[in-house]
Amino acid sequence: MAARPKKSATAASAKASTHKPLPTAVDAPKPEEFSFEQEMMAYREMLLIRRFEEKAGQLYGMGLIGGFCHLYIGQEAVVVGMQMALKQGDEVITGYRDHGHMLATGMSPDGVMAELTGRRGGYSRGKGGSMHMFSREKNFFGGHGIVGAQVSLGTGLAFANRYRGNDNISVTYFGDGAANQGQVYESFNMAELWKLPVVYVIENNRYAMGTSVSRASAQTDFSQRGASFNIPGMQVDGMDVRAVKAAGDYAAKWCREGKGPFILEMATYRYRGHSMSDPAKYRTKEEVQKMRAEQDPIEQVKHRLTEAGKASEDDFKAIDKEVRDIVGKAAEFAQNDAEPDASELWTDIVR
Ligand SMILES: Cc1ncc(C[n+]2csc(CCOP(=O)(O)OP(=O)(O)O)c2C)c(N)n1
Ligand SMILES: [Mg+2]
C-alpha cells in the first residue's frame with residue numbers, strides 16, 4: 001500500500017504527528033480532468049443543492065419549517081463527487097445534514113421541500129421533517145438524528161448486499177463528531193471481519209456543533225480511524241469535486257472487488273451554522289470568509305471552465321436560471337400543498 005498522503009487542509013490544522021505512517025494509509029489518487037459534460041453536470045448539481053438550501057433557510061426564517069434543519073452549504077462537492085462514482089443499485093445513508101444527499105441521489109426537490117414544511121406531498125408525507133426522509137426508489141435510507149446511528153445501519157445494508165451476492169455497495173456518510181461514537185467501531189470490526197462492501201465517508205467539516213475537531217478528537221486523522229481493524233483509508237480534498245470522484249471510484253472498486261470496507265475522509269467545511277440556531281462563537285467570520293473565497297466547490301468549477309474558455313458567463317446564467325426555477329417551484333409546492341390528514345397519524349407505524 002502507498003505511503004501516507006500529504007496532509008490535507010484539515011489535517012494541517014492538527015498537531016504534527018511523530019508516528020510512522022500506518023500501513024492502512026492510502027494516497028489519494030491524482031484526480032482526472034473532467035470532460036466538459038462532467039464539469040457542467042457537477043456545477044449544476046452542486047448549485048441545485050446550494051440554492052435549495054438557501055431557500056430552505058429562507059422558509060425556516062419565515063416560520064414555515066418546524067423542528068430541526070441543518071444546511072449543507074459548503075459541502076456540496078462531497079455528495080456530488082461521490083454520486084458520480086456510484087452505479088444504479090448502490091445505497092446511500094447519512095445523518096441529519098441530509099438534504100444534499102437526497103438531491104444528489106435524484107430525489108425530487110418538490111418532495112424534499114414539502115417534507116421540510118410538513119406537507120402531504122413530502123417524502124414522509126409530512127411526518128418526518130428535515131432529518132427523516134427516505135426513498136426506496138433512489139436507494140436513500142435516511143436521514144438519522146442520532147449521531148453515528150447510521151453507521152451501523154449502513155454496515156447492515158452492506159451485509160445485505162453481501163448476503164444477496166450482488167455487487168451493490170453501501171455509502172455510509174457521517175461527521176467528524178460522529179466518528180467518536182462507540183458503535184462506529186463495532187461496525188468497523190464487523191465490516192472488515194466479514195469483508196462488507198461499505199464505503200465510510202467521513203465528512204470532516206472541522207466542527208461538531210460548536211466543538212472543533214482538535215478540541216474533541218485525540219486522533220484527528222480520521223482516514224486512519226479504521227487502522228486497528230485493518231481498514232484502509234485516504235484523506236481527500238472534499239472541496240474539489242474531481243478529487244472526490246477519483247477517491248470514490250477507488251473506494252467503490254475496492255469494495256466491489258470483495259476486499260471489504262474503505263474509509264474516505266473528506267476535508268470539507270460548512271459555511272452556515274450547525275443548525276438554524278447557532279451562536280457562531282466558536283470560529284471567526286474571517287475563517288468562513290477565507291474558505292468561501294479560496295476553496296468554494298462551485299466557484300472552483302466555474303473558474304476552471306471560464307479560464308479554459310470552455311463556458312461563458314451566459315452559459316452559467318442559463319444554468320443558474322434553470323436551477324432557480326426548480327427551487328422556486330419546489331418552494332411554491334411546499335407552501336401550497338395540503339397538510340397531512342389527521343388519519344396519517346395511524347399510518348406507517350407498527351401496531
Ligand atoms: C447520540 C447523540 N449524541 C448527541 C447528539 C447531539 N448532536 C447533534 S449533532 C451533533 C454534532 C455532530 O457533529 P458531526 O458528526 O461532526 O456532524 P456535522 O453536524 O458537522 O455534520 C451532536 C453532538 C445527538 N443527536 N445524538
Ligand atoms: Mg462535523
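Predicted model: local features only at pLDDT ≥ 70, side-chain atom pairs only at ≥ 80, totals over all residues.
## Strand E7, covered on both sides

Both faces of E7 are covered, with Phe262, Leu264 and Met266 buried on one side and Ile263, Glu265 and Ala267 buried on the other. Buried here means that 20 or more other C-beta atoms lie within 10 Å of the residue's own; 12 or fewer makes a residue exposed, anything in between is partly exposed, and C-beta atoms are placed from the backbone.

Residues are numbered from 1 along each chain as its sequence is written, chains are lettered from A and ligands numbered from 1 in the order in which they are written. Helices (H or I, at least four residues) and strands (E, at least two) are DSSP runs, numbered from the N terminus.

## Who sits beside E7

On one side there's E3 (residues 198–204), running parallel to E7 and joined to it by six bridges. Two strands pair if DSSP finds at least two bridges between them. Val199 stands opposite Phe262, and Val201 has Leu264 as its bridge partner.

E6 (residues 233–237) also pairs with E7 in the parallel sense, over five bridges, and here Gly233 stands opposite Ile263.

Zoom out and you get an open sheet of five strands, E1-E2-E3-E7-E6, with parallel pairing. E1 (91–93) and E6 stand at the edges with a single partner strand each, so one side of each has no neighbour in the sheet. Neighbouring strands are turned by 20° against each other on average, direction ignored.

Helix H6 (residues 149–164) lies across E1, E2 (170–175) and E3, at about 170° to E2. Axes are lines fitted to C-alpha atoms, for helices over the stretch in contact, and angles run from 0 to 180 degrees between N-to-C directions; contact means C-beta atoms, placed from the backbone, within 7 Å.

## An enclosed helix

Now for H3 (residues 76–84): nine of its nine residues are buried, so the helix is largely enclosed by the rest of the structure. Glu76, Gln83 and Met84 are among those buried residues.

Terms used. Contact = placed C-beta atoms within 7 Å.
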